[in-house]
Each structure stands twice: as structure tokens, then as C-alpha cells.
There are 2 protein chains.
Amino acid sequence: MNEFWKDFPIIQEQLNETCELIKQQVKVRNKEIEQALIDLTFSGGKLLRPAFFFLFAQMGDSQKQDHQQLIKIAASIEILHMATLVHDDIIDDSPLRRGAETIQARYGKDIAVYTGDLLFTEFFELLAETMNGSDFLHTNASAMKRLLLGELDQMHTRYKKDITVFDYLRSVNGKTAELFSLSCLEGAHFGYASKEIQRLAARIGRNIGIAFQVYDDILDYSANSKTLKKPVLEDLSQGVYTLPLIFALQKSPETFYPYLEKEAAITAEQAMELGQLVHTFDGVNDAKDFAKKVTQKALIDIQKLPDCLGKEQLEQLTHLLLQRSF
Amino acid sequence: MNEFWKDFPIIQEQLNETCELIKQQVKVRNKEIEQALIDLTFSGGKLLRPAFFFLFAQMGDSQKQDHQQLIKIAASIEILHMATLVHDDIIDDSPLRRGAETIQARYGKDIAVYTGDLLFTEFFELLAETMNGSDFLHTNASAMKRLLLGELDQMHTRYKKDITVFDYLRSVNGKTAELFSLSCLEGAHFGYASKEIQRLAARIGRNIGIAFQVYDDILDYSANSKTLKKPVLEDLSQGVYTLPLIFALQKSPETFYPYLEKEAAITAEQAMELGQLVHTFDGVNDAKDFAKKVTQKALIDIQKLPDCLGKEQLEQLTHLLLQRSF
């Protein structure tokens, strides 16, 4: 984490405090699980969501802010994210996360189920401490629900040969963009920024979240067009079709159907061919164009924010994250 | 459900309303999952926890009560319980629950993980609707945490040959008694009963919960001493040692160690022998005595409650549930 934020010293310090709080929060009797959760906290995740939270908090009124409350809310966001990671790793049977063994790989799926549940509880506990009586309790409950519905939507459209951009975006909106949007909105709200900034924050967060996920899905198809990364092979065999494939598929269903019909039985070689075809039919380029447009929307909204260090850094961060060259 | 509550018509009606609300609450785009959740709601679970909630609500001030709030809180309790059932079934690899196929068996563990998560969210959403601003938000967060820690404790003591009664009770206190205690306490609190009744409610609920779990564990060893029920065989091979075994084990560790050392490799035949030995060393009788004492404590506390229909029914229900003959 620290390396990534070296040019953002204020944010870096706030994120360090957030990690320390998470470490305090995940204390359980089972020391192995506690250690696994601490490892996950400090394992080099960028803590993007808390970072966006703090950037938007800077646009508020620092006189009114409660520093401890902000740290706790930032921790609640990261803990909710961690809970979904732990459960996602069960679903995906992932051996590694951020270079370290996943909880499901190390301790088994049983413990991973309860560990994720425990993190949901920590999330809930932090909300009870920081926003009891606020409308944001509902906002959080709704966000968590949309996040899970996004995951369920993704499962629901597995192996769906006529999957649409709409299906994809609906799922991404829930599973990724919702939490980015919440992070930005909560930063603005609990930082005492104006209603107008809060409105922009929610929208900027949503667009950044969508672009972030699209670029992430593009990365699986990139490197060079002759190779496919492991995640895309897994995604394909699990029936998860992402934007580059969807764009290509729409141009020539008859080319892709024979591959998709194999479902889980698709071989590595066939997946390679399919990856190649996604490039041939411009799926990767189309997805890049799409992501650029969404990023542009976010950047236009960022321009509308009041001038301050937070705004500058937000712009910088958006470029850093989303204007990657491929 | 209906059959069990036929002598408690008021409770029966309230439980029906609670189930209808849960049905409304679990609406999701994936109709299969929605149906699975509705099936789970109406599949003949006794809804004991909401029932205890309503019984204690009767001891309050009906003039002050908000009927819709009570139904929602009762639903939140049952939904939290359902969430743990869905996740427990993943851990235990259970094919059936209340005679119907479990979500994990029917839709796979992946969907079961998210379905349980979704129920945790529904729980949280109902709390945001009914007790935002109340201290009971913390109470619920803590209860949910203790519940999960109880599950993790049970995992932590798997195959532990020197497991103690304390280990067992600590786990039961969390995984079972906590939610019974919360149900009774919340009924009294949101029913506007006095602080004294609330204090008794929490304690009565806890003791009923403990006795309920101990009897449940005894049932696995009973029927007759020559047979063992399937659950106990599974519990043994999964390293879950319950009170009858723990009591017997303490009297003669050298008798039991050779069996327990086999861990997951214990055969059905060896488990049968072990079940027999639990009887020989009076483990079942000792556990029954223990459960009776705990039930007695609850009944003494119930006597301290003000006279009303709720009190009578609570007594009746406690006898019905916990004074079963073996």
C-alpha cells in the first residue's frame, strides 16, 4: 500500500490509521484467523475505497469533522470490501490473493465462510458506532444489498450466450461501482461537504468504479493479443463473460457460440483462440473506448468540484488508475 | 409451523405475519433463489425465536407498541437465524434441511454463500428500518458477532481430545443461546416492558437457548443406546464433540482417546461403539441432568415475571420444548 500512496502523504497517513483500526477490530480468539485477517489488511491492497473516502472528506469542513469517526467509517468500507473478497475467493476457489494464500486455501472453505461473515459483522458494528441515527445506516444497508445482488446477477448470467452490455453493467454497478460510489458519498457527507458535492461524489464514485472494473476485465485480455491471462481462462470456464467478449460476441454471435457452448468444458487452447477472436472483432478496443468515455464523465464531474488539494489529487489518482496505457 | 402453535393462536397469527413479511423481504431478481428462500421460510421451522420475542412483547405495554415494528424485528431475528442456517449447511455439506433440499445442495455452495450474505443484509436493512438511533443497534451487532464467534469457537475445538465443558458452553452460548437471549430481550424492550423484565428476559432466553442446544445434542445419542443417529456420526467424524461425550470422556479419557485419535477416519462401527461407551459412562444422563438444571433456572426466572397470558404460555412452551421425555 505505502508505495502506491507515496505522493499522497496525507492520504497515506490516514490509510495507515485505518489499517491500524482494522487490526484492532479483527481480534478473535482463533489466532490463526486473526492473523489471516491482519495479513489480508496489510497485504498490499491499495485501499482505494478508503482513499476516495478521505479525498472527498477533504472537500468538506475540517472544523466540523470528527477525525476518529472518519477513520472508523473508512475502516467500515474496507472491511465490507474484505468480507466480499474472502467470500469471492471461496466462489472462485482462488489459491492466492495479493500474493498471499487466501483464507479459503489455507484454512478451508468452512472457516472462510465464517470469517467473511465475521467481517460483515465488524462492518455492521462500526456503523452502529459511527452513524447510529443517521440516514446513512439505510444507505449502507442498501449499498451492501446492491453489492451482493451484483454478485448474484453475475452468477445468474453465467454461460448466458446472449448476455448483453446491460447485463454486464448491471452486475458491475452492483458488485464494484456501488462501493466506490458509497465511499465517495460518505467521504463528502461525513466530511461536511455541501449537498451538491455529495451528489457529485456519488456519481464520480460510480463512474470511477465502472471504469475500474472494465479496465480490470480488459487487462485479462491484454498483455499481447497472442496470450491470455489466467483469470480470463478461469472466467471463461466459469461462464463469466466480460465486456471485451460481449462487444465482440455482439458483432458475430455465430463465431463465438461454438466456443461458449462448451461451457465449463472449454479447453485452454480453445480459450486462447477465443481470446484471439475477441481481439479480431475489436472487443478489447471497444471496451477501452467504453472505459475512456466513463472515465471522461468522471473527470468532467471532478472539474465541477471546488478547487482544493483533494480535487487535484482526485484528478491525479483518476488518471493514475484509469488512464493506464495498454 | 402452524401445527406446533395451534394452542397459541395469538402467537400463531403474529408468526404468520412475520413469515409474510420475510417473503416480501427476500425478493431478488434470481427467482430460483427467491423461491428457495421462501421455501426455507415456510418449510415448517418452528420460528421459536420470533415466538419468544412475541411472548415477551406481551409482557409490555400494548398501548405503546408499534405492531409493524414488532413484526419487522421478529422478521429480522428469523432472517439472521436463516442466514446462519444457510451457511451452516455449506459447512456441514447438508443435503436436507427440514425435509427439503438445502440451498447448497440444490444450487451449489457458491450461491449458498451469497444467499446467506444476502440474508445478513436483509437483517441489517430491517434493523436500519426499525431501530436506527436505538442502543439496540449495538446490541444486535454484538449478538451477531457472538453468534459467529460461537461457530468459530466450535471449529476451533474440533478434534480437541481435552475439550472441556467450558469450551462447549462457550460455543453454545454464542451459536445458540445468544440469539434466544436477544429475541427475549428485544421482545421485552420493544414491547415496552420494564427494565427488570428485560433483564429477566435476556437471562431466561440464554438459559432456554443453552438447554435447547444440550437437548438437541442429547437427541443425537438417544433413541436407544444401541443405535446412533446420523447427525452424531457426522459430528464425530467432523470432530464436533458435544456434552454427552464430553462428560463421559472426562470420566475415562483412556477409554475414549483411541476413538477420538482416529479423527475424520473414524468408521461407522467405531462411532457406534463410542456412542455405546458414552452411555456406559453416563454421559447422556449427566447431560440430561445438566439440561434440567438449566431449564429449572429458566423456569424459576419465569415465575418472577408478572402474571399474564404471555407468562403462562412461556411456561407451557418451556415445558413443551425442554421437558421432553427421553
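Predicted model: local features only at pLDDT ≥ 70, side-chain atom pairs only at ≥ 80, totals over all residues.
Two packed helices are described by the angle between their axes and the distance between the axes. In chain A, helix α1 (residues 9-25) packs on helix α4 (residues 67-92) at an angle of about 70 degrees, and the axes lie 9 Å apart. Angles of 65 to 115 degrees count as roughly perpendicular, and α1(A) and α4(A) are therefore roughly perpendicular to each other. Their crossing is right-handed. On the α1(A) side the contact is made by Gln14(A), Glu17(A), Thr18(A), Leu21(A), Ile22(A) and Gln25(A). These residues meet His67(A), Ile71(A), Lys72(A), Ala74(A), Ala75(A), Glu78(A), Ile79(A) and Met82(A) of α4(A). Sorted by class, the contact of α1(A) with α4(A) comprises seven nonpolar, four polar and three charged residues.

Val214(A), Asp217(A), Ile218(A) and Tyr221(A) from α9(A) are in contact with Leu243(A), Pro244(A) and Leu245(A) from α11(A). Six residues of this contact are nonpolar and one is charged, with no polar residue.

In chain B, helix α4 (residues 67-92) and helix α8 (residues 165-190) pack at about 175 degrees, their axes being 11 Å apart. Angles over 145 degrees count as roughly antiparallel, and α4(B) and α8(B) are therefore roughly antiparallel to each other. Gln69(B), Leu70(B), Ile73(B), Ile77(B), Leu80(B) and His81(B) in α4(B) touch Leu179(B), Ser183(B), Glu186(B) and Phe190(B) in α8(B). The classes represented in the contact of α4(B) with α8(B) are six nonpolar, three polar and one charged residues.

The size of an interface is often given as the accessible area lost when the parts come together. Between chain A and chain B, the buried area is about 4,200 Å², and carbon and sulfur atoms give 68% of this area. Within chain A, the residues that lose the most area to chain B are Arg29(A), Tyr114(A) and Phe124(A), which together account for 19% of what that side buries. Chain A contributes 45 residues to the contact and chain B contributes 45 residues. Eight salt bridges are counted between chain A and chain B. A salt bridge joins the side chains of Arg158(A) and Asp110(B), with an N to O distance of 3.8 Å.

Technical notes
Residues numbered from 1 in each chain as written. Chains lettered and ligands numbered in written order. Heavy atoms only, no water. Axes fitted to C-alpha atoms, helices over the stretch in contact; angles between N-to-C directions. Helix = DSSP H or I, 4+ residues; strand = E, 2+ residues; numbered from the N terminus. Parallel < 35°, antiparallel > 145°, perpendicular 65-115°, else oblique. Left-handed = near helix turned anticlockwise from the far one by under 90°. Contact = heavy atoms within 4.5 Å. Nonpolar A, V, L, I, M, F, W, Y, C, P; charged D, E, K, R; others polar. Buried area = accessible area lost by both parts, 1.4 Å probe. Salt bridge = Lys/Arg side-chain N within 4 Å of Asp/Glu carboxyl O.
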